[in-house]
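Please take a moment to look over the sequence and the 3D structure below, and keep both at hand while you read.

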Amino acid sequence: MTLALEQARLAWAEGEVPVGAVVVKDGEVIATGYNRPIGRHDPTAHAEIMALRAAAEKLGNYRLPGCALYVTLEPCIMCSGAMMHARLARVVYAATDPKTGACGSVVNLFGEEKLNHHTGVQGGVMAEQASSLLRAFFAERRAAARKLPGPDAASKEA
């Protein structure tokens, strides 16, 4: 998870929401990724998707059996679906996401018994570190927004 947090910091440095992900197989890191939807103009460029793509490319297979994905924020529905299609063995996340979390916060896609693949899930690993990073990022964004002139600024100067 420490490496996933490093990836999240790379996202922040590019102005993206700081979420990072790492794919591990047999104890070896095989892929990393971080949020890039803004810079790539791609709504699917979440940290998990970026890491899954890199892992699939490295292994030469869209299926990733025996792999675990570590991510700093509870995955959304899109990412959770991709993880199940990749046949990941396990997903470990840090902070919960009460707005879009698909591991139990909003929905529990991994707990859906009707689906044909079941991925193990563990949450809360290094949650405080990940939550702190996200809080600091959004606090910085709010502070920067307060410094911008409002829509009336131009009319007051005229």
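This is a predicted model: local features need pLDDT of at least 70, side-chain atom pairs count only at pLDDT 80 or more; totals for chains, interfaces and linings use all residues.

Glu48 counts as buried because its relative accessibility is 4%, and the cut-off for buried is under 20%. Leaving aside residues up to four places away in sequence, Glu48 touches Ala21, Leu69, Val71, Leu73, Pro75, Cys79 and Met83.

One of those contacts, Cys79, leads on to the cysteines. A disulfide is a covalent bond between the sulfur atoms of two cysteines, and the structure holds zero disulfides. The distances show why: a disulfide needs two cysteine sulfur atoms within 2.5 Å, whereas the sulfur of Cys76 is 3.8 Å from the closest cysteine sulfur, that of Cys79, and is therefore too far for a bond. For Cys67, the closest cysteine sulfur also belongs to Cys79, but it lies 16 Å away, which is again too far for a bond. Cys67 is buried, with a relative accessible area of 0%, and Cys76 is buried too, with a relative accessible area of 14%.

Finally, turn to the surface, where Ile77, Val106 and Val107 form a nonpolar patch that together has about 240 Å² of accessible area. Of these residues, Ile77 lies in helix α4, which covers residues 77-85.

Notes. Residues are numbered from 1 along each chain as its sequence is written. Side-chain values use heavy atoms; hydrogens and water are left out. Buried means under 20% relative accessible area, exposed over 50%, partly exposed in between (1.4 Å probe, protein chains only). Contact means heavy atoms within 4.5 Å. Patches are made of residues with over 30% relative accessible area and no salt bridge: like charges are joined within 9 Å, nonpolar side chains (Val, Leu, Ile, Met, Phe, Trp, Tyr) within 5 Å. Accessible areas come from the Shrake-Rupley method with a 1.4 Å probe; for residues, only the protein chains shown count as cover. A salt bridge is a side-chain nitrogen of Lys or Arg within 4 Å of a carboxyl oxygen of Asp or Glu. Helices (H or I, at least four residues) and strands (E, at least two) are DSSP runs, numbered from the N terminus.
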